[in-house]
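Have a look at the structure below before reading on.

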Amino acid sequence: MATEQIKMPQLGESVTEGTISKWLVSVGDKVNKYDPLAEVMTDKVNAEIPSSFTGVIKELIAEEGATLAVGEIICTIEQEKSGTPAPLEAKSNPEETRIAESIGAAGQENKARYSPAVLKISQEHGIDLTKVSGTGAGGRITRKDLLKLIESGNIPSAAKMVESVNELMPMAVVEPKEAPAVQSQPASITAPAAPRVNVAVTAGDREIPVTGIRKAIAANMLRSKHEIPHAWTMMEVDVTNLVEYRNSLKDDFKKNEGFNLTFFAFFVKAVAQALKEFPQINSMWAGDKIIQKNDINISIAVATEDALYVPVIRNADEKTIKGIARDISELAVKVRTGKLKSEDMQGGTFTVNNTGSFGSVQSMGIINYPQAAILQVESIVKRPVVINNNMIAIRDMVNLCMSLDHRVLDGLVCGRFLQRVKEILENTSKSTTSIY
């Protein structure tokens with residue numbers, strides 16, 4: 001019988017590693033092809049890794065709680081008979097592999113192939129891989145080698161590696177005509193991750209290990225703040241008529257449809273409609289060009305006790321308020337039951353965050369990279385407002401807070417976009433708006 005390897009698959013766009021949260025098999029267990037082997041957690045999704053072979057579990061290489069790079073071996077299986085493995089294993093990005101191999105070849109032949117995770121860490125921390133001794137098979141440099149090196153603080157200069165990466169990655173370079181030399185480096189190198197911080201620990205303090213998903217969230221937020229010049233604007237909206245309309249429908253709606261008609265569904269619909277009228281907002285920065293997305297896919301933030309997920313409502317502009325409410329309900333259930341799939345989080349073009357659910361009245365969101373903007377919908381509160389010839393009335397008011405990528409967007413178009421969202425919401429009522 002042949003011994004086959006099961007490797008950490010790539011469970012989503014830009015995912016470079018995963019954490020084994022639970023093994024579903026033990027050494028000596030017989031498994032069939034496609035049987036689940038382990039539960040894996042990434043910054044994108046929780047998922048099960050299926051077996052690519054029929055056979056007996058020989059060795060569980062990765063321990064529960066261990067974080068491994070995409071492509072690293074997690075276990076081995078004694079295959080019952082030869083056959084073509086199912087196409088379940090993750091494939092490294094060919095361009096990443098080519099870059100890694102070329103960089104390695106410039107230094108040491110026996111380390112000529114670096115995994116995408118190793119390359120990513122080396123770029124973030126400025127490590128010259130040609131000066132690192134690997135402990136992997138054939139002298140290969142592993143992710144653990146780099147983490148140990150970073151912890152020690154003895155990081156060799158990466159000048160040669162930066163030069164090689166620049167030579168091999170011209171599309172990743174942003175080079176304005178009069179830019180200084182440092183601008184010719186890829187963004188991931190010019191904005192390295194924050195160094196390890198030494199914090200004094202005293203009696204009674206509690207050390208909480210950082211999970212793989214928390215590391216990924218931290219890395220994504222750091223990248224967004226490093227690369228995107230954030231600007232911020234806010235507009236207040238009178239949603240008194242919307243509140244009355246929704247409250248008149250919610251009980252019958254829940255009884256007939258089986259899920260809640262939330263205020264958030266009205267806001268997402270208004271944003272989707274405004275994005276269709278202001279397509280500049282539905283864009284992404286791509287270095288030498290701006291990509292204006294055709295589809296309007298709204299990312300919504302859903303939090304758990306220890307993580308934040310951003311599933312996507314696809315083609316939100318084509319859906320009714322009822323359809324959007326159903327999507328919000330289904331995605332939230334998937335997140336909280338651990339059934340969210342990687343495809344549920346891909347393709348978002350604009351993010352709407354319901355910060356008002358926590359009672360917030362004003363906040364500045366960090367943009368969901370590589371999108372160009374994020375809108376925070378704050379809490380609806382009753383306030384005295386001047387209306388109709390200086391009369392004072394108690395109205396339901398909400399603040400809409402928008403963070404924008406100032407490389408892509410300017411205050412003028414964002415102000416008009418928010419004005420349009422405000423107009424749609426303030427004119428939402430029983431006589432003007434259908435939820436079906």
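C414 counts as buried, at 1% relative accessibility; buried means under 20% relative accessible area, exposed over 50%, and partly exposed in between (1.4 Å probe, protein chains only).

| Residue | Relative accessible area | Class |
|---|---|---|
| C75 | 0% | buried |
| C414 | 1% | buried |

This is a predicted model, in which local features need pLDDT of at least 70 and side-chain atom pairs count only at pLDDT 80 or more, while totals for chains, interfaces and linings use all residues. Residues are numbered from 1 along each chain as its sequence is written, and side-chain values use heavy atoms, with hydrogens and water left out.

How many disulfides are there? The count is 0, a disulfide being a pair of cysteine sulfur atoms within 2.5 Å.

Now to the sheet. Four strands (DSSP runs of E, at least two residues) make an open antiparallel sheet in the order β1-β8-β6-β3. At its edges are β1 (2-7) and β3 (30-31), each pairing on one side only. Strands pair if DSSP finds at least two bridges between them; β1 and β8 (residues 73-79) share 6 antiparallel bridges. In this pairing, A2 stands opposite Q79 of β8.

The model has 3 aromatic pairs: rings of Phe, Tyr and Trp (its six-membered ring) with centres within 6.5 Å, called stacked with planes under 30 degrees apart, edge-to-face over 60 and tilted otherwise. One of them is Y245 with F266, edge-to-face at 6.2 Å centre to centre and 70° between the planes. Both residues are buried.
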